[in-house]
Amino acid sequence: MRDFDAAPLDAEARRILQLNDRGGYTVPTAGLYPYQWNWDSAFAALGFASFDISRAWAEIETLLTGQWDNGMVPHILFHRTDPGYFPGPDVWGTETALGRGTCSVPSSGISQPPVLASLAWRIYRADPAAGRGRLVPLYPRLLAYHRWIIAARAETGAVVITHPWEAGRDNAPDWDEAMAGIEPLGVEPYTRRDTSHVDARMRPTKEDYDRFIWLVQFARDRRWDEAAIAAESPFRVADPTLTFTALRSARDLKAMAHELGEDEAEIDGWITHLEAGAETLWNPETGAYDAKNLRTGNFAGSVSNASFLSWWGGLADDRPRATLARILGQSRHALPSYDPEGPKFDSLRYWRGPVWAVMNFMAANGMAEQGLTEEAARIRADTARLIVENGFAEYFDPTDGTPAGGATFTWTAAVWLAWASPSAGTGAGGR
Ligand code: GLC
């Protein structure tokens with residue numbers, strides 16, 4: 001990549017962000033994902049910050065207009081109804097949700113990996129003078145988001161998901177046991193929309209989809225009451241994605257509190273609690289952090305790209321290094337979302353094999369911070385090469401780089417601008 005002219009791809013990445021800009025918020029890609037998604041938007045903000053810092057803050061501000069009174073930030077905000085996506089607001093039925101309160105933005109009833117505070121902090125540090133006036137009013141909202149995570153989802157210290165979509169890794173093998181425990185009776189008839197936009201081989205199966213919808217109906221029937229869901233749902237899985245992104249965000253919130261002269265004691269308590277929880281996800285059999293089904297106590301036995309977010313979470317833990325070396329050794333294009341030697345590996349099917357640029361960004365940045373310089377450089381070089389050779393796809397086949405899922409994808413463009421491009425390295429992406 002040394003003599004590579006990044007300018008045309010940088011321009012294309014900026015064009016994609018502008019193409020997907022719907023005025024104050026960005027869709028992940030037109031057609032397949034026509035709404036505002038939580039963690040996609042946080043990454044969109046990071047991408048915008050490389051050329052329009054004010055627009056970056058606007059993305060975060062719009063996302064937080066959807067925050068419920070209980071602090072939860074939903075995974076999708078349905079700003080304008082679009083029949084091209086299922087399940088839409090009518091299926092989620094969150095108007096009467098218990099935690100929603102006065103929030104009037106239509107939304108889903110679940111959340112997503114909390115990367116928002118971390119990426120906001122990165123954007124702030126890129127230009128504190130421009131950011132201070134924007135960060136001050138957002139800070140209490142970011143704090144409320146994390147207070148909700150700790151109260152509603154961190155009973156064991158590790159952060160749990162109540163639906164696979166919350167992990168942002170929709171059909172990862174991590175949920176297979178818990179999903180198999182659901183008998184999807186009473187699912188209202190539905191028509192999938194995703195498979196009319198992209199090849200069905202790249203998407204979750206019908207068995208998965210029935211259970212996705214069953215879980216939505218289950219929670220809707222309980223008016224999205226977190227206590228009832230915690231007590232009754234067959235699906236409660238402690239997830240490395242949520243745990244490590246929450247841990248990282250707590251550390252970044254602490255830095256924000258320090259910068260703004262706010263109290264840090266509550267956040268210190270969260271960090272201690274989450275660190276203890278992270279330890280419960282260490283699976284000695286796989287030599288990796290793993291998902292844990294809280295209903296059975298079983299590990300998933302899954303080595304995923306989320307397994308390697310422990311460094312991003314700020315853990316100076318060498319134990320995963322051997323497994324990381326094995327995975328890097330086997331992968332032509334790192335990081336695969338599931339162990340290429342594992343029994344459930346599927347190079348094209350979404351979170352059961354493919355490489356995702358946003359996961360690479362977090363994993364590699366965490367590794368670089370913790371001194372795993374070579375591993376970080378390898379993952380960054382692979383990410384850049386995948387994009388140079390195959391475009392700004394949603395995700396990529398780790399065996400041959402085939403671009404998969406949606407095209408002109410916001411977060412892939414954002415990760416390019418902030419980090420993977422040879423021209424990145426200053427500003428919000430940092431290195
Ligand atoms: C898929 C991904 C999820 C992402 C969403 C929008 O559902 O699994 O992580 O947020 O698409 O891009």
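P87 sits in the loop that runs between β2 (76-77) and α4 (89-92), and a cis peptide bond with omega of about 0° joins F86 to P87. This is a predicted model, so please read the geometry below with that in mind.

**Backbone geometry**

- Most peptide bonds are trans, and most residues other than glycine have a negative phi.
- Besides the bond between F86 and P87, the peptide bond from A334 to L335 is cis, with omega near -15°.
- L335 belongs to the loop between α13 (321-330) and α14 (357-369).
- W224 is not a glycine, yet its phi is positive, at about 60°.
- You will find W224 in the loop between α9 (206-221) and α10 (226-232), and with a relative accessibility of 5% it counts as buried.
- T408 also has a positive phi, of about 35°, although it is not a glycine.
- The loop that holds T408 lies between β10 (403-404) and α16 (410-420).
- T408 has a relative accessible area of 26%, so it is partly exposed.

**The ligand site**

- Around the ligand are the residues P28, Y33, W37, W39, D40, Q112, G168, D170, Y350, W351, F409 and W411.
- Sorted by class, this shell has eight nonpolar, two polar and two charged residues.
- The space that the ligand takes up is the largest cavity.
- From D40, a polar side-chain atom lies 2.6 Å from an oxygen atom of the ligand.
- From W39, a polar side-chain atom lies 3.1 Å from an oxygen atom of the ligand.
- G168 takes part through its backbone: an N or O atom there lies 2.6 Å from an oxygen atom of the ligand.
- The ligand taken alone exposes 310 Å², and the protein buries 97% of that.

**Helix residues and their exposure**

- A246 is part of helix α11 (residues 240-260).
- A246 has a relative accessibility of 2%, under the 20% cut-off, and therefore counts as buried.
- D90 is part of helix α4.
- D90 has a relative accessible area of 64%, which is over the 50% cut-off, so it is exposed.
- D90 and D10 are 80 residues apart in sequence, with 39 Å from C-alpha to C-alpha.

**A glycine in a loop**

- G297 lies between β7 (292-293) and β8 (298-299), in the loop that links their positions in the chain.
- With a relative accessible area of 44%, G297 falls between the 20% and 50% cut-offs, so it is partly exposed.
- The C-alpha atoms of G297 and V237 are separated by 9.3 Å, while the two residues are 60 apart along the chain.

Technical notes:
Residues numbered from 1 in each chain as written. Predicted model: local features only at pLDDT ≥ 70, side-chain atom pairs only at ≥ 80, totals over all residues. Heavy atoms only, no water. Helix = DSSP H or I, 4+ residues; strand = E, 2+ residues; numbered from the N terminus. Buried < 20%, exposed > 50% of the residue type's maximum accessible area, 1.4 Å probe, protein only. Near = heavy atom within 4 Å. Polar contact = N/O pair within 3.5 Å; in protein donor to acceptor, adjacent residues only side chain to side chain. Areas by Shrake-Rupley, 256 points an atom, 1.4 Å probe, with all protein chains shown as cover. 1 Å grid on protein atoms, 1.4 Å probe; cavity = no way out; pocket = protein on both sides within 12 Å on 5 of 7 lines; lining within 4 Å. Sits in = over half its atoms within 2 Å of the grid points. Nonpolar A, V, L, I, M, F, W, Y, C, P; charged D, E, K, R; others polar.
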